[in-house]
Amino acid sequence: MPSEFRLPALGADMDEGTILEWHVAPGARVKRGDVVAVVETDKGAIDVEIFMDGVVREIVVTPGTKIPVGTVLALLDVEGEPAAAVPPPSPTPVGDISAPSPTTVGEGGGEGPSGDRLKISPAARRRARELGADVSALKGTGPGGAITVEDVEKARAIPQPSPQPSSTGAGEGDKMREAIAAAMSRSKREIPHYYLSTTVDVTPTTDWLTAHNAAAPVTQRLLFAALLIKSIALACRELKGFSGFHRDGGFEESPAVHVGVAVALRGGGLVAPAIMDTADKPLVTLMDDFRALVTRARAGRLRASELSAPTIILTSLGEASVDAVFPIIQPPQVAIVGAGAVVARPWVVDGQVVPRQVLTLSLGADHRVTDGRLGAQFLARIAAKLADPGSL
Amino acid sequence: MNREELARRVLELVTEIAPDVDATTVIPGINFRDQFDFDSMDTLNFAIALHRELGVEVPETDYARLASLDKCVEYLQGRT
């Protein structure tokens, strides 16, 4: 009896995808964590990992086909102890995060098997879809042999058999906007939010960071956001009720803390992939992963597990020069932390007004799980961690 | 490396660290930040790429001097 490999859930706002490529064929041996397919979603192309070991028996869904989350993509002959190791495929698409175990990502490592992945820019991929061109048949002329918009347009002159153009006329940006709107509407409908904010003096942190970055080689420099991400993860360890999922009528604290980071995409829209096991990583490792994650998010090369894994999210709008953000929770999560810009402000220290670097932290949290009092403690805990960067 | 080669190389690195930027649209005199929403992550990635590909270590205090294609070329000339 072969096992079914289904399209995993891809986060709150994605419930369907189009298979773009398969990296495996019938007969191929696969192991848990291998990227086996690329799926186009409203949030760009996503690498989908398999969550069992075995041999591919049959590819069920061919490239170019649009399918809902939970659809059987392939059949596998599973070795050893079958079904037990396989998480149950999710029949409920939106917001369900049951599918691939987040632990597989760590094993796969940062960049993943990008080497055998078709090199194509997101813009070129978009253009190819508009034109109904088959990108797998193209030769790239861009950096590193990447397929460019020009390559796609040139190839169009040659008539090609192509999978039916899936586009329905709505642009990619519009579709992402629709996906975000649907997830946020659901959030506001279902989650009784409360909001808190606090402005804290982060001068010791910025001083520490400046000194660290002046002494460290360029590859080991840190961004302020990395310190904040680690602080959030550590605070989640100490106070329960902010990192986990609200499902089936109840809250479940996640044993591992995976802080998701909201990444703005240049074409518009945003994604919030997770830095896996955030609390356990030394700062430099966390920073490496953070950097790789943002790069892959913008290149449209995220992994399915990264999108479904976040147990809490940080949205940092500091670079957009706002003082504070009042963030909306992404279900099934129950909390989201916002950070404004780090700015110099007059501040009272020991009865004297002095210029200090300050940051406004905010929290959007779920009243079904916590109250403002605990939320206030949570923000204070984050601020305390941040104030002592040497211990991060 | 002459100025032209340097500009071409920098442009390559920009599109490498920011694959969603179309190299043909880069305006040399305008800040990357204003053109492409470059943020601190992009700047750090750019500094890492300059170090890896051109062997130039740019201290954080000099990041402002990498703000546009023109400024980069200016800064890198004599350092590569």
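Two strands are taken to pair if DSSP finds at least two bridges between them; strands (E, at least two residues) and helices (H or I, at least four) are DSSP runs numbered from the N terminus. The model is predicted, so that local features need pLDDT of at least 70 and side-chain atom pairs count only at pLDDT 80 or more, whereas totals for chains, interfaces and linings use all residues. Residues are numbered from 1 along each chain as its sequence is written, and chains are lettered from A and ligands numbered from 1 in the order in which they are written.

In chain A, strand E10 (residues 244-247) pairs with strand E11 (residues 250-253) in the antiparallel sense over four bridges. Within this pair, A:Arg247 stands opposite A:Gly250 of E11(A). Two residues separate the strands of the hairpin, where A:Asp248 adopts a positive phi near 50°.

Chain A also contains an open sheet of four strands with antiparallel pairing, in the order E1-E8-E6-E3. Its edge strands, E1 (3-6) and E3 (29-30), each pair on one side only. Four bridges link E1(A) to strand E8 (residues 72-78) of chain A in the antiparallel sense, and A:Phe5 stands opposite A:Ala74 in E8(A).

Residues are in contact if their C-beta atoms, placed from the backbone, lie within 7 Å. Not counting residues up to four places away in sequence, A:Ile232 touches A:Val259, A:Ile312, A:Leu314, A:Val337 and A:Ile382.

A:Thr311 is located in the loop between helix H8 (304-308) and strand E17 (312-316) of chain A. This residue counts as buried because it has 27 C-beta neighbours inside 10 Å, the criterion being 20 or more other C-beta atoms within 10 Å of its own, with C-beta atoms placed from the backbone. Leaving aside neighbours within four places in sequence, the contacts of A:Thr311 include A:Ser243, A:Gly244 and A:Gln333.

Between the chains, 21 residues of chain B are in contact with 18 residues of chain A. Helices H1 (3-17) and H3 (40-54) of chain B each supply at least two residues of the side that touches chain A, and the largest share, seven residues, comes from H3(B).

Definitions and conventions: Contact = placed C-beta atoms within 7 Å. Buried ≥ 20, exposed ≤ 12 C-beta atoms within 10 Å, placed from the backbone.
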